[in-house]
Amino acid sequence: MNKINREKISELVFNCIKKYQEEYEQIIDIAEGEQTRLFGGNGQLDSLGLVSLVVSIEEEIETELGIAIVLADEKAMSRRTSPFSRIGNLIDYIDELVSS
Amino acid sequence: MNQIILITGSRKGIGRQLAEHFIALGKNVIGCSRSESDLRNELYTHFCLDVTDEVAVKKMFSQIRQKYGHIDILINNAGIASMNHFLLTPLITVEKLFITNFNGTFLCSREASKIMQKKRYGRIINFSSVAVALNLEGEAIYASSKSAVEQLSRVMSKELGGLGITVNCVAPTPIDTDLIKAVPKNKIDELISYQSIKRMGLIDDVINVVDFFINEKSSFISGQTIYLGGIIS
């Protein structure tokens, strides 16, 4: 069950990235798949870009899965590895939130 | 596209008058308060909720997003007041004031901004008070909570500027509403004596400032607090 959820979440996240690129005409190179860096370090998003993507993912999760989540919560902010650093970390984090 | 305006604390007082003002201008107004509103108009939608309840606030914004797809203006009017000497103030009063005045403003602003940023357009108006500028005795906690709202607004204006959202505060003088009904007359008179323009504030004075902040031409104005009555901060 959890595996299916993660696949679904992964699909949602990549769809949101695609929409983000179209909407804001900004290229995010996702050649590295889930290893793609999003934010911080050599991340491809600036802070405004991250805000837009996070909001879009929160909305998509609510629309598609009927679950209201806040991605930038206390847990996310206090993690050693930021959920926003790479696409895979973000998917894992959403999976965790949705499962709980 | 018709503008969507959300006003918190719209059941009575300034919030109610603001709602009626914008309805008269043909705007779509969404209001909220802890109890039902008797305002009936095809342009008005009311949500019953506590602005400090994160789940309820998120649900309201989710419904707004699904129904309208956008929100243009948020007026964080909901607030409570309490006067007491600092030494005689129970902690629970401090918590109640901060939770409603600050947390409520924070929560609604955060959720509204998420929707506003998609259009790269939004106007957020927060409510401060002249109690901040005047450092009024007996209003340590109320003034502090409003001071926090002002500070939040200034930082928000920086963080949201790139998303096309402006954030400003209006700081009213005493106005004849329920908020000040328990304040003794001599206190009100004393407060008015500090003003450059010595009269009781009117709701129209507040509406005028809100109209200014939300005007299309005010896109270059953000992070500001306008004190009514000629109070100089």
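**Close-up views of a predicted model**

**View 1. Surroundings of B:L6.** Leaving out residues up to four places away in sequence, B:L6 touches B:I30, B:G31, B:M60, B:F61, B:I64, B:I71, B:I73, B:L74 and B:I75, where contact stands for heavy atoms within 4.5 Å. This is a predicted model, in which local features need pLDDT of at least 70 and side-chain atom pairs count only at pLDDT 80 or more, while totals for chains, interfaces and linings use all residues. Residues are numbered from 1 along each chain as its sequence is written, chains are lettered from A and ligands numbered from 1 in the order in which they are written, and side-chain values use heavy atoms, with hydrogens and water left out.

View 2. A nonpolar core is a set of buried Ala, Val, Leu, Ile, Met, Phe, Trp, Tyr and Cys residues joined through side-chain atoms within 4.5 Å; buried means under 20% relative accessible area, exposed over 50%, and partly exposed in between, with a 1.4 Å probe and protein chains only. Helices (H or I, at least four residues) and strands (E, at least two) are DSSP runs, numbered from the N terminus.

**View 3. Helix α1 of chain B.** The buried residues of α1(B) are B:I14, B:G15, B:R16, B:L18, B:A19, B:F22 and B:I23, and they pack against β1 (4-8), β2 (28-33), β3 (44-48), β4 (73-76), β5 and α7 (203-214) of chain B. After α1(B) comes B:G26, with a positive phi near 85°.

**View 4. Two residues with positive phi.** Most residues other than glycine have a negative phi. B:R120, however, has a positive phi near 55°; B:R120 sits in the loop between α3 (91-119) and β5 (122-127) of chain B and is partly exposed, at 29% relative accessibility. B:N135, whose phi is also positive, near 45°, belongs to the loop between α4 (130-134) and α5 (140-161) of chain B, and B:N135 is exposed, with a relative accessible area of 62%.
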